[in-house]
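Good morning, colleagues. Please keep the display in view as I speak.

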Amino acid sequence: MRLDVFTLVPAAFEWARERRPLAAVLGGELELRVFNYRDSTPLTAGQVDDDPYGGGPGMVLRVDVVVAALEAVYGGIPEHRVIALSPQGRQLDQELVEELSLEPALSVLSARFEGFDQRILDHLCTDVVSIGPYVLSGGEIPALAVVDAVARRLPGALTEGSGEVESFSAALDGGLEYPHYTRPADFRGWTVPEILLSGDHARIDAWRREHVRVLP
């Protein structure tokens, strides 16, 4: 899979390259490329955004700047899936993550304060995705969430067996993950459920499914 991120803060993605799950799949199952809008902007002095028409607070990432970035990388508007990160978008959930992880190529657009000229969303993107109904100082955190969530679904990203059942996965019928316990089995009288110590994997699996935390 090739995953391209367009951002104003490329350095925000460097730390992730050295850690699982990204480090385990880079150069193999995943090619991660990060592009700075300022490197291809058609405006002077590295400008990429502007005041919104009609007034109001904040700055808006310009459509001509995004088109220039896409053309610099792809020679035009790419045919593969392009997602923009905005609080107004479809909620990022495990179903969408697994859907995105099957794409051979994916482009992710981020913006400062997640503010896009609407024409970017209408004409350049196949999807608008949100990690929550709130505004951040930039789209780098949502972009990192997408990159991390997608990378961990690729073969070899996790240790064997650790990714078989994910939170929110279809195997859990859309619920949250079941409770986890580890050593010591008894700490200050707080004990681990006896069934988890039994070694009976069929009963343990049934217990876990009964205790999946259901979304409201």
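Let me begin with a term: helices (H or I, at least four residues) and strands (E, at least two) are DSSP runs, numbered from the N terminus. This is a predicted model, in which local features need pLDDT of at least 70 and side-chain atom pairs count only at pLDDT 80 or more, while totals for chains, interfaces and linings use all residues. Residues are numbered from 1 along each chain as its sequence is written, and side-chain values use heavy atoms, with hydrogens and water left out.

First, the overall picture. The protein has seven helices and nine strands. Of its 216 residues, 39% count as buried; buried means under 20% relative accessible area, exposed over 50%, and partly exposed in between, with a 1.4 Å probe and protein chains only. The protein exposes about 12,100 Å², of which carbon and sulfur atoms supply 51%; these accessible areas come from the Shrake-Rupley method with a 1.4 Å probe, and for residues only the protein chains shown count as cover. Among the contacts with a separation of 6 or more, 70% are between residues 24 or more positions apart, where contact means heavy atoms within 4.5 Å.

I turn to the sheet. In what order do the five strands of the open sheet stand? The order is 2-1-6-5-7, with parallel pairing; two strands pair if DSSP finds at least two bridges between them. Strand 2 (31–36) and strand 7 are the edge strands, each pairing on one side only. From one strand to the next, the twist averages 30°. Strand 1 and strand 2 run parallel and are joined by six bridges. Val5 stands opposite Val34 in strand 2.

Helix 4 lies across strand 5, strand 6 and strand 7, running at about 170° to strand 5. Helix 6 lies across strand 1, strand 5 and strand 6, at about 175° to strand 1. For these angles, axes are lines fitted to C-alpha atoms, for helices over the stretch in contact, and angles run from 0 to 180 degrees between N-to-C directions.

Next, the interior. As a general matter, nonpolar side chains in soluble globular proteins tend to be buried together. A nonpolar core is a set of buried Ala, Val, Leu, Ile, Met, Phe, Trp, Tyr and Cys residues joined through side-chain atoms within 4.5 Å. The largest one here has 27 residues, and those with the most contacts inside it are Leu3, Val5, Leu30 and Val108. At least two residues of this core come from each of strand 1 (2–7), helix 2 (22–25), strand 5 (81–91), helix 4 (94–101), strand 6 (105–109) and helix 6 (140–151). Helix 6 gives the most, with seven residues. Leu3 touches several residues beyond four places away in sequence, including Leu30, Leu106, Val108, Val147 and Val150. A second, separate core of 19 residues includes Phe6, Ala69, Val82 and Cys125.

Which of its residues are buried? They are Gln94, Leu96, Val97, Leu100 and Ser101. Seen down the axis of helix 4, these residues fall within an arc of 160°, so they line one face of the helix; the arc is that of the directions from the helix axis to the C-beta atoms. Their cover includes strand 5, strand 6, strand 7 (127–130) and helix 6. Leu96 counts as buried, at 1% relative accessibility. Leaving aside residues up to four places away in sequence, Leu96 touches Arg81, Arg90, Gln91 and Val129. Leu96 and Val129 are 33 residues apart in sequence and 9.4 Å apart in space, C-alpha to C-alpha.

Finally, the backbone. Most residues other than glycine have a negative phi, and most peptide bonds are trans. The peptide bond from Arg20 to Pro21 is cis, with omega near 5°, and Pro21 is in the loop between helix 1 (14–17) and helix 2. The bond from Arg183 to Pro184 is also cis, and Pro184 is in the loop between helix 6 and strand 8 (186–187). Ala45 has a phi near 55°, a positive value in a residue other than glycine, and is exposed, with a relative accessible area of 86%. Arg188 has a positive phi of about 55°; its place is in the loop between strand 8 and strand 9 (190–191), and at 69% relative accessibility Arg188 counts as exposed.
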